[in-house]
Amino acid sequence: MLSVALLFVGIVLINNGVCNLTKVDRNATAIMNFFNGGLSVYINFVNLAQGNYYAAGTGLLFGFTYLFIAIDSVFKLDTRPFAWFCTFVAINAVVFGTLEGFIGIPSLGIVPDIRWAGIWYLWALLWITGFFEDILGIKLGKFTPYLQIFDGVVTAWVPGLLMLIGRW
């Protein structure tokens, strides 16, 4: 299920980045965020029901991220609550990157794999941009949409595709 989730995380990140760069209406971008957030929540409730708590816990961070973005976009809400959520998620992403990349989680059968450290740390960087922009008021300009596109390709689409074809 991770491969499918990553494939769709990849396209929504790429879509969000391109749409942010080209100034597409936020309501239009919300559609893909609703689809992806809903898919991720569904996949991770299945994980939860199967007792895969680590997969569900980490995966729901993504699902709620995209649903939060979609709802904020449609209703044009204050983005500061989302930025605080992103800060929480970024801190957790550093923890997960360290565990999966360097330490491992033997009780879950997770052996250290440096690729996961890089992936989680890049996601943490993207999530923390919300803190800088919406809490501290430091505008990052085009950095964030380009990071969305980069992360979409490098941390989600390519790994998801490689997992789907058995090359990861």
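Let me start with Tyr 66, which touches Val 9, Val 12, Leu 13, Asn 16, Asn 33, Asn 36 and Gly 37, leaving out residues up to four places away in sequence. Contact here means heavy atoms within 4.5 Å.

Before going on, this is a predicted model, where local features need pLDDT of at least 70, side-chain atom pairs count only at pLDDT 80 or more, and totals for chains, interfaces and linings use all residues. Residues are numbered from 1 along each chain as its sequence is written, and side-chain values use heavy atoms, with hydrogens and water left out.

One of the residues touched by Tyr 66 is Asn 33, found in helix α2, residues 26–49. Helices are DSSP runs of H or I, at least four residues, numbered from the N terminus. Is Asn 33 buried or exposed? Asn 33 counts as buried because its relative accessibility is 0%; the cut-offs are under 20% relative accessible area for buried, over 50% for exposed, and partly exposed in between, with a 1.4 Å probe and protein chains only. A polar atom of the Asn 33 side chain lies 2.8 Å from the backbone oxygen of Thr 29. Beyond four places in sequence, Asn 33 is in contact with Val 12, Asn 16, Tyr 66, Leu 67, Ile 69 and Ala 70.

Next, the core. Tyr 66 is also among the residues that touch the most other members of the largest nonpolar core, which has 25 residues; Val 9, Phe 62, Trp 116, Trp 120, Trp 123 and Trp 127 are the others. The elements giving two or more residues to this core are α1 (2–21), α3 (53–75), α4 (80–103), α5 (114–135) and α6 (143–164). A nonpolar core is a set of buried Ala, Val, Leu, Ile, Met, Phe, Trp, Tyr and Cys residues joined through side-chain atoms within 4.5 Å.

The largest pocket has a volume of about 900 Å³. Of its 32 lining residues, Asn 20, Phe 82, Glu 133, Thr 144 and Gln 148 are the closest to its centre. On a 1 Å grid over the protein atoms alone, a pocket is an open set of points where a 1.4 Å probe fits, with protein on both sides within 12 Å along at least five of seven lines, and lining residues have an atom within 4 Å of a point. Helix α5 gives the largest share of this lining, seven residues.

The second largest pocket has a volume of about 380 Å³. Leu 2, Ala 55, Thr 58, Gly 59 and Trp 116 are the closest to its centre, out of 19 lining residues. Its largest share, five residues, comes from α3.

Terms used. A polar contact is a pair of N or O atoms within 3.5 Å; within protein, one must be able to donate a hydrogen and the other to accept it, and residues adjacent in sequence count only if both atoms are side-chain atoms. Grid points are joined across faces, edges and corners, and a volume is the space filled by probe spheres set on the points.
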